[in-house]
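Biologist: I'm new to this one. Can you put it up and walk me through it?

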Amino acid sequence: MHLHRDILAGALFVAIGALALLGARGYPVGSAMRMGPGYFPVVLGWLLIALGALVGLRAARRRDWQPLAWDWQPLAWISVSILAFGFLMPRLGLVPALAVMFPAAAAAGREFRLREVLVLTAVMSAFAGGVFVYGLRLPYPLFNF
Amino acid sequence: MEILHSLELGFGVALTAQNLAYCFAGVALGTLIGVLPGIGPLTTIGLLFPLTFYLPPIPSLIMLAGIYYGAQYGGAITSILLNLPGETASAVTCLDGYPMARQGRGGAALAISALGSFLAGCLGTLLIALAGPPLGEWALAFGPAEYFSLMLMGLVGSAVLTQGDAVKGLAMVVVGLLVGLVGTDVNSGVPRYAFDVPELVDGIGFTVIAVGLFAVAEIVTNLERREPQPVFTGPLVGLMPSARDLGRSFWPALRGTGVGAFFGLLPGTGPALSSFAAYMLEKKLAREPERFGKGAIEGVAAPEAANNAAAQASFIPTLTLGIPGTAVMTLMLGAMVMQGVTPGPQVMTANPELFWGIVASMWIGNLMLLVLNLPLVGVWVRLLRVPYRWLFPCIVMFCAIGNYSVNNNPVDVYLCAALGVLGYVFAKLECEPAPLLLGYVLGPLMEEHLRRAMLLSRGDPSVFFTRPISLAFMLATLLIFAIVLKGLIRPAARGVP
C-alpha cells in the first residue's frame, strides 16, 4: 500500500540530489587524493539520485496505490505563526510577537475559541517573560516600541 | 581502584546543590513536555535544549541528562496510560503496559518502568566506567580510515535498523549528510550551499533541524488526526508495585539490561531494537507466554530496562569515539559540541572532570527521576487531560523562542519554519527523520576523515580494506546489509503491532 507515497518520496530524493549537484557546480572537485570542496557533495548528490530512483522504481512496479491525504491548513497556520514570531520579535519585542504568534498557531487547531486563545496568550506571554527574560536573563525587550 | 577513583571524581563534580537543582529542573521540564501526547523524547530534548545553552558546560549537560530521563519517562507515561508511544522504543512498552493500565495497574506499571530503568541505569553507569577507558585507549589507535569506516557502519546501521524502509532510511542519511555540508568548508574555506545568505555560511544550526524536522512536523501531524486520542482516565490505584510484581520483574529487568547494553554498544542499532529483542526474549523464557500482551509486568520491565541500558551504553561510543549511536545521542553530542567539548578518545584524558561528571550526572538524572517523579505521577497524569488545543500553541512558542535564542537571529526561526514544512512532507511520505539527523551531525566529520584517509593513502581507496580495524567495520557494514537483504530482522520487527 505504501506505493504512491514512495514514488513521491523517490522523486523528492532525486530532486534534492539534483539540487545538490546543481549547487556544487562551482566547487572544485579535485582528485581522489586531494579532494576539493566539491568532491563529497557530488558523490552524495549522485548517490541520493540513485537511491531516490530505486525507491521510486520499486514502488512503480506495484499497483496497490493509495491516494495521500494532504492537510495543508494546519501546516500553513503553524508556519505563519512561527514566521510572524521571527519577524516581530526583533522589531516589536517579545510580548507583541507572542500576541500574534498564539492566535495564528491556535488557528491551526480544529476549534478556535477566541476567549480561550486570548487567555492563553496573556498567561503564556507572562510565563515566557518571567522564564526567559527574568529567569534566564535573555536580552529581549518585552516591548520594543 | 581506578574506576572508583574516576567515579568519585565524577560525583564530586556533579553533586553540588546547584547542579542538583538544574538536574531537578531538567527532569521536571523533560517530563512536563515528554508527557504531552505525540511528543517523543527526541522532540522534547530538541525543544528544551536551548534552555541549557547559557549554563556552563557541566551544569548544562547535567540539566540535559535530567531532561533526557524526564523525557524518557514522559514517553513511558503516555505509552502505558494512553497506548501512545512517542518513539519506536516505547512501542514495545505499550504491549503490556496499556493492558496493565486498563486493569487498574497503571501505577504499578509506571513504577516498574522507573525501577527497571534505574536498575539498568546503575549497571549502565558501571559499564561506562569499566568499558569507557579501554575503548578510549583502543580508539587512540584509530586513524582517519578507521573513523570513516566506523561512521559508515553507524550511519548504515541507523538507516537500516530503524523502523520503516531501509532504502528510504539510507536516502535520508544522505540528505542529512548534505544538510551537514551547508556552511564553510574547513579545508578550503569555500562556503558551500550558502547561496550568499550570511547566516548559512556558518551552517544550519542543530536546534533548527531538530525542532523544525521533529517538533513542528509532529504538531502538524497531530493536528491532522481527526479523532482526539482517548485518554485513559481510570483511577490509578496503588502506585507501588506488590512484592510479587517486584519479584517477577527483577530477572527480566536484569536480562533486559544485558540485551540493551549489547545493542547500545553498537553504533546505530539503538534502543528500538534492544527493547524489542528484550521483549521477545522474555516471552520465550516465560513459563506462561500467553500472559504477554495481556498485562504481564515482565513485558514492561524488560523493554524499559533494555531501552535505558541501550541509551546508557550508547554513551560509550558517543563519548569515547565521538560517534553517536542513536538520534537522542546525536542531540547530546550536539549539545556537547555547542559547549565547546569535542567528544573523542582525548576527552577522557584531557578533560576527566567533564567526562566523569557526565557519567555521574546521567546516574543522578536517573535517581532524580525515581525519587521525584514517582510521587508526582498523579500530577503528570492530570496534565494528560489538558486539551491539546491549549498545549500545541505553547509548544509552538517553545519552538520559536528556542530557535530565536540560539543566535538571537530571526533567520533561524524562518529556517525552522521551512524545515517544519519539509518535516511534514517527510512524515507524510513515511521517511524517518532520525537517520537524517545522524547524517547531519556526522557529515562534516565523515568528509574530513575521508579526505584525510585518501590523502594519506595517496588516493588509494583500498586503505579502508587493508587496515584491520577499518576492515572489521567495513565487514560489519556489509553484514548489516546482508541481514537486511535476507529479511532476517525487518519482517520480525514488523511483527510488533
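Biologist: What volume does the second largest pocket have?

Modeller: About 1,200 Å³ in this predicted model. A pocket is an open set of 1 Å grid points where a 1.4 Å probe fits, with protein on both sides within 12 Å along at least five of seven lines. The volume is the space filled by probe spheres set on the points.

Biologist: Which residues are closest to its centre?

Modeller: B:Gly180, B:Val337, B:Tyr440, B:Val441 and B:Pro444, out of 50 lining residues. Lining means an atom within 4 Å of a point.

Biologist: And which helix gives the largest share of that lining?

Modeller: Helix α20 of chain B, residues 434-456, with eight residues. Helices are DSSP runs (H or I, at least four residues).

Biologist: New topic. How many residues are in contact between chain B and chain A?

Modeller: 62 of chain B with 67 of chain A. Contact means heavy atoms within 4.5 Å.

Biologist: How many salt bridges cross over?

Modeller: Four. The rule wants a Lys or Arg side-chain nitrogen within 4 Å of an Asp or Glu carboxyl oxygen. B:Glu430 pairs with A:Arg5, with the closest N and O atoms 3.2 Å apart.

Biologist: Which element of chain B gives the largest share of the side touching chain A?

Modeller: α18(B), with 12 residues.

Notes
Residues are numbered from 1 along each chain as its sequence is written. Chains are lettered from A and ligands numbered from 1 in the order in which they are written. This is a predicted model: local features need pLDDT of at least 70, side-chain atom pairs count only at pLDDT 80 or more; totals for chains, interfaces and linings use all residues. Side-chain values use heavy atoms; hydrogens and water are left out. Helices (H or I, at least four residues) and strands (E, at least two) are DSSP runs, numbered from the N terminus.
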